[in-house]
Every structure is written in C-alpha cells, then in structure tokens.
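Here are my notes on this model, as numbered points. Please read them beside the coordinates.

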Amino acid sequence: MLTTNGQSPDPGAALQGQVFTTRFDKLLGWARKYSLFQYPFVTACCGMEFMSTACSHYDIDRFGAAFPRFSPRQSDVLWVVGTVSQKLAPLLKTVYDQMADPKYVIAFGACASCGGPYDDYSTLQGIDLIIPVDIYIAGCPPRPEAVLDGLLKLQTLIQDSKQEWGS
Amino acid sequence: MSDERFPEHLAIDKRFPGSVLDWHAQHGDRTLIVDGERILDIARLLKTELGYHFLVDLAAVDYLPRKPRFEVVYQFMNLDTKARLRVKVQSDELHPEVPSLTPLWPIANWLEREVWDLMGVTFRDHPNLKRILLYEEFEGHPLRKDYPRTGRQPLIGPKD
C-alpha cells in the first residue's frame, strides 16, 4: 500500500501484524532467566540431590538452566550445595567475587543456609555471612522438587527485578 | 584382665627394659602403655623385627579431668599374620610432646599434623607441623575437652 512517491501514508500500517512492542526490561529479564549458566559449588551430601535434579528424571534443562560452568567468569548463578567450613569460606568468597554481574546465589540445603546440624567451631553458620544470597532452599537435603521450586523462584526474581545493562 | 604377656610385650621389654609402663590383653585386644620418649625406638623395633609394617592409625584422646590427661594411641598391624597391636603414650602436660614417627612411616606426617591441629600434641622432629584441617590463624585445639563446643573464631579474609 504505497503511494506514488514510494512513501507509506501511515508508517505503522506497514508493520501491522509483523511486530509487537514490549519493554526492553522485560525482554532482557526473559532472556536472562532462561539462560542461566550455573557454577555448582558442591561440597557435601546435597550434591547427590543436585545431580539427581540435573539428570534426566527431573531434567533441570527444561528450565533453561542446564549448563554447569566450572569457571566463575562464565557463570551467573552460584549454587552453594552443601556444608561450607570456615577454612573453605575465603575460597567461596573468591569464586563469588570473580563472577561477572549480574550474578545470583542459591543456598542449597540447610548447611549452606544456616550451618545445618553443625553447630560447632569449624562450620560456617550460613553462607550469607560472607556473600549475599538470593534464594534459600530448605531441606536436609532438599528433594529435587524443592530445588526446582527454588530455581523457578529465582527465575521469577530475575524477571521481576530491574535490569541493568551497559556500563 | 589376662596376666599372660604376649611376645611383642616381652620383646620390647627385653630390648628397652622398663619402657612398658602398663599393659592389658583380652579378647585379642592387646594394648601396651609405654614411655613416650621411647616410642620411636619401640616403633622401629615393631616395624623392622616384629613384622608390624603397617601404621593403621594414630590419634589422641583427652581424658580430662583424669590424670594423666592425654593419650596418644598408635594402631599397628602385621600384614602377614593379621595381628594387631595398640600402643599408647600418656602425658599430663599442658603441651604434650612425643617423638615423630615420620622417619618410619610417611603417613605419620599427615596423621600427626591432624593430631597437632585438633588436640595440640607436639611431635618432635616432624618435618611440617602445621594445621591441616583448620586454618592457620585458628587459636587453640578444638577437640580438647576444655575447648567450648561452639567456640567460633572470627572469619579470615581471602589470602593472596
């Protein structure tokens, strides 16, 4: 529907049915929540539940969060799975510090959340003493359903949060 | 308690008279309590002449408030005869010290570091006596009975 000089009388009309508009924030949140690259910091019994969640029966891949990267610079969600001792704590903090923004942390199970059953001299009483935590997954260890619930909650949190980009 | 002395007891007593302070043997549980200063010589005798090639384990016990308070416990095994022998060293010192067995068994290196770390027993002539499970800045020895169970210490920052 062009006029004789090749110009559309209504610029919007030519795009009818071919594009839809959205907010860039929403688009970026959607992209971020379905492209999680995880860093599994696995130290203890919760690791078995993590493996179970990642395997075919529960298939964490369905949620766009399948790829474990054992390099902090290539990952954006840190799963702290298991007990963290005070000796290990500085290393965990180093891993967190090396991750690129935006980054998220999941405390997986009772030990990572609050020290679990280990109320003693050697265990860190929750990783939130050294790094910020976005999602806590309860259980000792949590079942895979609880883990997936935690993952979905993190994805909701990512979608709904203010997206920052650029420098 | 059986009064019957066993061959290893007799052999040690013959070579190092007076070094066996106490002993018991019942149901195959054969234990010698020996003089701490002689433990390296006794272990060498056990390894080279009596066939106890294998240092199974090495640990320490805090019997507070009993005196003597500390015991270092060595578990030896003869892999040919499957015989086992437990040797103990007692100390009432605040900082007990016994000779290191690292010249005889390399595994003693780690086992003794663990005992030093958690119980505070010094091993003389150990090549690398520093903490192995806890971080170096930790103060005290947490498996001692007078260490508070939840006695936490300030977190240390990451090291360069």
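**Notes on the model**

1. Chain B has 3 helices and 7 strands. Helices (H or I, at least four residues) and strands (E, at least two) are DSSP runs, numbered from the N terminus. The order along the sequence of chain B is α-β-β-α-β-β-β-β-α-β.

2. On provenance: this is a predicted model, where local features need pLDDT of at least 70, side-chain atom pairs count only at pLDDT 80 or more, and totals for chains, interfaces and linings use all residues. Residues are numbered from 1 along each chain as its sequence is written, chains are lettered from A and ligands numbered from 1 in the order in which they are written, and side-chain values use heavy atoms, with hydrogens and water left out.

3. Overall form of chain B. Its C-alpha atoms fill a box of roughly 55 × 35 × 25 Å along the principal axes. Of the 160 residues in chain B, 46% are buried. Buried means under 20% relative accessible area, exposed over 50%, partly exposed in between (1.4 Å probe, protein chains only). Among contacts (heavy atoms within 4.5 Å) in chain B between residues at least 6 apart in sequence, 47% join residues at least 24 apart.

4. The interface. Here 18 residues of chain B contact 12 residues of chain A. The two chains bury about 1,200 Å² between them, 60% of it on carbon and sulfur atoms. Buried area is the accessible area (1.4 Å probe) that two parts lose on being put together, summed over both. The chain B side that touches chain A divides into 12 nonpolar, 4 polar and 2 charged residues. Nonpolar covers Ala, Val, Leu, Ile, Met, Phe, Trp, Tyr, Cys and Pro; charged covers Asp, Glu, Lys and Arg; the others, Gly among them, are polar.

5. Where does Ser75(A) sit? Ser75(A) is in the loop between strand E2 (67-68) and strand E3 (77-81) of chain A. At 4% relative accessibility, Ser75(A) counts as buried. Not counting residues up to four places away in sequence, Ser75(A) touches Phe37(A), Gln38(A), Tyr39(A), Arg69(A), Met99(A) and Ala100(A).

6. Cysteines. The whole structure has 0 disulfides (cysteine sulfur atoms within 2.5 Å). Cys46(A) is buried, at 8% relative accessible area. The sulfur of Cys140(A) is 5.8 Å from its closest cysteine sulfur, in Cys111(A), also too far for a bond. Cys140(A) is exposed, at 59% relative accessibility.
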